[in-house]
Amino acid sequence: MTIHIGAEPGQIAETVLLPGDPYRARWAAETFLEAPELINEVRGMLGYTGTWNGHRVTIHGSGMGMPSLSIYVNELIRDYGAKTLIRIGSCGAMQEKVKLRDIILAMTATTLSTPSRGIFGDMNFAPCADYTLLRAADDAARAKGVTTHAGGIYSADVFYDERPDLNEQMTRHGILGVEMEAAELYNLAARHGCRALAVLTVSDHLLTHEALPSEERERSFGDMVEVALEAAFS
Ligand code: HPA
């Protein structure tokens, strides 16, 4: 047990999928894993371990934003030995060519700050995805007929941003989409020698103001879980 995770040693797999929402973790575990077992419910943050095609996997909520993700990912890596961590989440598109339901594979993530910012001093550390995971996820998504975009994203600190000029700069510099967690996941994976990737389904569009209806969010989320599982064990 750690401060935020109630699992016993050994109850968490080396491969962890990380949706932001704990109910999404439950839905994904009950839909895609064999024999899912609830291994954490501290503070309502749900984690499940089961098997997928014979491979042991944990699906654990990260919460929203980098401070929350940092708590869970630190404990998953340092206390439970997680080695491959894949964020499965939604994002807002920042380019015209990126459409609702497309999948963005984050090669890197720009930030104003991260929980790791303090250790880098004057340096702007460039966090990046694991290339083998990214390539396998791209193959898996394309095999499903889902359009993918690989490139930079923006991991924001605020959802209700009072500075729309920052979003404009991101769009101008080719950033594909905005979410709130990937950069710190990549920082932590780099620090601890783990593999990480963020697979993001486009749920809303910052330029066109379109948004996916909730039933379609579930289907897109399901595609993303399968893409992440196939990438992790390819
Ligand atoms: N901003 C930040 N995070 C998000 C968004 C957004 O527009 N959409 C989905 N996650």
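In what follows, Ala, Val, Leu, Ile, Met, Phe, Trp, Tyr, Cys and Pro count as nonpolar, Asp, Glu, Lys and Arg as charged, and the others, Gly among them, as polar. The model is a predicted one, with local features needing pLDDT of at least 70 and side-chain atom pairs counting only at pLDDT 80 or more, while totals for chains, interfaces and linings use all residues. Residues are numbered from 1 along each chain as its sequence is written, and side-chain values use heavy atoms, with hydrogens and water left out.

Around it sit Ser 90, Cys 91, Gly 92, Phe 159, Val 178, Glu 179, Met 180, Ser 203, Asp 204 and Leu 206, each with a heavy atom within 4 Å of the ligand. Sorted by class, this shell holds five nonpolar, three polar and two charged residues. Three elements, β5 (84–93), β8 (177–179) and β9 (195–205), each bring at least two residues to the shell, and β5 gives the most, with three. Strands here are DSSP runs (E, at least two residues), as are helices (H or I, at least four), numbered from the N terminus.

A polar side-chain atom of Asp 204 is 3.0 Å from a nitrogen atom of the ligand, and a polar backbone atom of Gly 92 is 3.3 Å from a ligand nitrogen. On its own the ligand has 260 Å² of accessible area, and the protein covers 85% of that (Shrake-Rupley method, 1.4 Å probe).

As for where the ligand goes, it sits in the largest pocket, in that more than half of its atoms lie within 2 Å of the pocket's grid points. A pocket is an open set of points on a 1 Å grid over the protein atoms alone, where a 1.4 Å probe fits, with protein on both sides within 12 Å along at least five of seven lines; lining residues have an atom within 4 Å of a point. The largest pocket holds about 810 Å³ of space, taken as the space filled by probe spheres set on the points, which are joined across faces, edges and corners. Its lining has 32 residues, and Ser 90, Cys 91, Phe 159, Ser 203 and Asp 204 come closest to the centre. β5 supplies the largest share of this lining, six residues.

The second largest pocket has a volume of about 220 Å³. Thr 111, Thr 114, Arg 117, Asn 124 and Phe 125 are the closest to its centre among 15 lining residues, which split into eight nonpolar, six polar and one charged.

Notes:
A polar contact is a pair of N or O atoms within 3.5 Å; within protein, one must be able to donate a hydrogen and the other to accept it, and residues adjacent in sequence count only if both atoms are side-chain atoms.
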